[in-house]
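Trainee: Could we go through this two-chain model together, beginning with the contact between the chains and then turning to single residues?

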Amino acid sequence: MVGLSLGETHFIQGGIAQDLRCDGRKRLTYRPISVETGVIPQTNGSARVRMGATDVIASVKAELGKPSLLQPDKGKVSIYVDCSSTAEPAFEGRGGDELAAELSNALQRCLLGGKSGAGAGIDLSSLIVVEGKICWDLYIDGLVVSSDGNLLDALGAAIKAALSNTGIPRVQVAAGTSNDEHPEVDVSDEEFLQFDTSRVPVIVTLTKVGRHYIVDATSEEESQMSSAVSISVNRQGHICGITKRGGVGLDPSIILDMISVAKHVSEQLINKLDSEIASAEAEEES
Amino acid sequence: MEYVSPEGLRLDGRRPMEMRQIRAEIGAVSKADGSAIFEMGNTKVIAAVYGPREVQNRNQQISSHALVRCEYSMANFSTGDRMRKPKGDRRSTEISLVIRQTMEACILTHLLPRSQIDIYVQVLQADGGTRSACINAATLALADAGIPMRDLVTSCSAGYLNSTPLLDLNYVEDSAGGPDVTLGILPKLDKVTLLQMDSKLPIDILENVMQLAIEGCKAIANYIREVLLENTKQLEYRRGV
């Protein structure tokens, strides 16, 4: 991306100070969000989310695996992010790896809860087939197709939509197997389990520009940021994870203020997102 | 295993000379100079073009014509079995080179000296015929970017199974171990710019299979021309001409 001139940076910062951004939005307004589900039929679940010119695809693949020794009664979930070169020439080769790693770590922190599995957006116990022996491994892959700022919120929304679209095959365990042997399983082609995604949080990123902070920053606004705080909030209003980016320090009272504002903004975002997901699912079924 | 039934139907219900359903969409990546999504059946590819722009690496600059670069990558979720596919592995390097050579043959590079054209191709879903879909997507993206080209490049694959030439193989047919011919042509100039084949094939049957692939390429060219024409009409309407 070509750098901005001094006049442009002053224009952006001045606009934010006056609560009027370059595209006419207020400080706490999101760009139009559109959701499309079932875009990758070969996966168990997939979704595509567009926020303005930012375009991301998320997919969920389920495979049978072995539970972790630490939590034999829970399935496993992993999140990976890939930055496609189509989004930015700078992502060519390994250019996007650093950003992809940062995004996937932030998403894991915001969506998967702690190491114990508590606070995860999905009930991991529902992924168990045979305790200690067989469980579902969920692989959540995010792909950045077009990048115009605020990738974290878009990826969080896409993952929530992809989980809503996910169907896990029902598994029958063969009866009469001895306790020591590896159980035989029959994966159904007809029956699928759907996730309850009401507990999956959304991510709200507040970007500090000048003396104010904004939501849903474009890439131009992000180039002017001193720091950014991403807060994931679920429908119950609980904070599920916080990530701060950018090296400039923030006053603790400002951070608390940001968290409270994020909680307020997330209510509209969750409602908007849930209605978009519902209409996308309905459209896919027709 | 039987890939063509006695009634002449394939596993997915197609006739031997029938193509999968093709779909194309222009302008999928708004920040790119040109972009397109191309679908052949369940194979789905997105391509973006950046340029012509200043050469990023000075020693690669060519004083008489444009430098064309290409990068091909597959999403982790794009195949039936999920696996991590790093960029730069041997297969993606080879396909990147194939796409670059094919595109270089049709771009009028001498009109853009000392510049660089980047083509990025991302596979979203793979179900056979991936490199053909990539070349078709790149052609659409270049046209969307307004890069001057001699002709559209279109590509199609063909194979030979159960003593029958087959057009536009899907993944199951591709994995059957029979011969696989991938062909890229400039349809109006009637020149072949890409030809790849694996496995064994008698030369007279090769001619038949190649001819079948050429027919497929021309059908794709007609479709791509329609898409571009429709896109131009939309632009014209919006400009109010």
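This is a predicted model: local features need pLDDT of at least 70, side-chain atom pairs count only at pLDDT 80 or more; totals for chains, interfaces and linings use all residues.

Mentor: Residues are numbered from 1 along each chain as its sequence is written, chains are lettered from A and ligands numbered from 1 in the order in which they are written, and side-chain values use heavy atoms, with hydrogens and water left out.

Trainee: How much area do chain B and chain A bury between them?

Mentor: The contact (heavy atoms within 4.5 Å) draws 32 residues from chain A and 30 residues from chain B. Buried area is the accessible area (1.4 Å probe) that two parts lose on being put together, summed over both. Of that area 49% is on carbon and sulfur atoms, and the total for the two chains is about 2600 Å².

Trainee: Which residue of chain B meets the side chain of A:Glu88 in a salt bridge?

Mentor: A salt bridge is a side-chain nitrogen of Lys or Arg within 4 Å of a carboxyl oxygen of Asp or Glu, and the count between chain B and chain A is two. In one of them, at 3.7 Å from N to O, the partner of A:Glu88 is B:Lys31.

Trainee: Which element gives the largest share of the side of chain B that touches chain A?

Mentor: Helices (H or I, at least four residues) and strands (E, at least two) are DSSP runs, numbered from the N terminus. The elements of chain B that give two or more residues to the side touching chain A are strand E3 (43–54), strand E4 (67–74) and strand E5 (115–125). The largest share of that side, six residues, comes from E3(B).

Trainee: With which residue of chain B does the side chain of A:Ser84 make a polar contact?

Mentor: A:Ser84 lies in the loop between strand E4 (76–83) and helix H2 (97–111) of chain A, and it is buried, with a relative accessible area of 1%, where buried means under 20%, exposed over 50% and partly exposed in between (1.4 Å probe, protein chains only). A polar contact is a pair of N or O atoms within 3.5 Å; within protein, one must be able to donate a hydrogen and the other to accept it, and residues adjacent in sequence count only if both atoms are side-chain atoms. At 2.7 Å, the side chain of A:Ser84 makes such a contact with the side chain of B:Gln122.

Trainee: Is B:Ile224 buried or exposed?

Mentor: B:Ile224 lies in helix H4 (residues 203–239) of chain B. Leaving out residues up to four places away in sequence, B:Ile224 touches B:Phe38, B:Asn136, B:Leu140, B:Leu152 and B:Thr154. With a relative accessible area of 0%, B:Ile224 is buried.

Trainee: What is the omega of the cis peptide bond that joins B:Gly51 and B:Pro52?

Mentor: Most peptide bonds are trans. B:Pro52 is found in strand E3 of chain B, and the cis bond that joins B:Gly51 to B:Pro52 has an omega of about 5°.

Trainee: What is the phi of A:Asn150, which is not a glycine?

Mentor: A:Asn150 is found in the loop between strand E6 (134–146) and helix H3 (151–165) of chain A, where, at 3% relative accessibility, A:Asn150 counts as buried. Most residues other than glycine have a negative phi. A:Asn150, however, has a positive phi of about 60°.
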